[in-house]
Amino acid sequence: MKNVVTEDMLDELSDEPIYQQIVSKIKSRIMSGQLKNGDALPSIRSLATEFRVSTITTVRVYKELEKEGFVLVVPNKGVFVNRIDPEFLQKKCDCIFVCAYENAKSLGFSLNEIQHSITLIYKKTKCFE
């Protein structure tokens, strides 16, 4: 049985590098609350085995997550989920929406059309909660 970190497969056909796919999966699980503050993540070797990647890749994953503040690497102890600051999450969310808004505007969508699209997306995803 796969753990919460590695329950999804990687997309080898994706343009996104493998290490970045793993980073994204772990960040997503932290931000969704599936992984909580203080939870231990798999060792570098275990993560490499579970994703069938090199340990060099998993070292890069954990360094990236540590640099961004998502995990704490404790020498000789392991890698642990770091408490995520709600203000940090809000800033990330704002960046996502600004980028989406700017892309939609560049495609010629009006503010009303963008708001309508967001409402529809919200309603569709709400039914899956």
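This is a predicted model: local features need pLDDT of at least 70, side-chain atom pairs count only at pLDDT 80 or more; totals for chains, interfaces and linings use all residues.
Begin by selecting residues 40-41, 71-74 and 78-81, which are the strands E1, E2 and E3. Together the three strands make an open sheet in the order E1-E3-E2, and their pairing is antiparallel. E1 and E2 stand at the edges with a single partner strand each, so one side of each is left without a neighbour in the sheet. As background, strands of a sheet pair through backbone hydrogen bonds, and they can do so either parallel or antiparallel.

If you follow the chain between E2 and E3, you pass through a hairpin with three residues between the two strands, where Asn 76 in the turn has a positive phi of about 65°.

Next, show the side chains of E3. Which residues of E3 belong to its covered face, and which to its uncovered one? Val 79 and Val 81 make up the covered face, whereas Gly 78 and Phe 80 are on the uncovered face. In a regular strand the side chains alternate between the two faces of the sheet.

Then select residues 55-67, which form helix H3; this helix lies across E1, E2 and E3, and runs at about 120° to E2. The contact is made by Ile 44, Arg 45, Leu 47 and Ala 48 from H2, together with Thr 55, Thr 58, Val 59 and Tyr 62 from H3. H2 passes H3 in a right-handed crossing.

Finally, select Arg 60 and Tyr 19: the charged end of Arg 60 sits over the ring of Tyr 19, at 3.7 Å from the centre of that ring. If you go on to look for aromatic pairs, the structure holds zero of them.

Methods. Residues are numbered from 1 along each chain as its sequence is written. Side-chain values use heavy atoms; hydrogens and water are left out. Buried means under 20% relative accessible area, exposed over 50%, partly exposed in between (1.4 Å probe, protein chains only). Helices (H or I, at least four residues) and strands (E, at least two) are DSSP runs, numbered from the N terminus. Two strands pair if DSSP finds at least two bridges between them. Rings of Phe, Tyr and Trp (its six-membered ring) pair if their centres lie within 6.5 Å; planes under 30 degrees apart count as stacked, over 60 as edge-to-face and the rest as tilted. A charge sits over a ring if NZ of Lys or CZ of Arg is within 6 Å of the ring centre and within 35 degrees of the ring normal. Contact means heavy atoms within 4.5 Å. Axes are lines fitted to C-alpha atoms, for helices over the stretch in contact, and angles run from 0 to 180 degrees between N-to-C directions. A crossing is left-handed if the near helix is turned anticlockwise from the far one by less than a right angle, and right-handed if clockwise.
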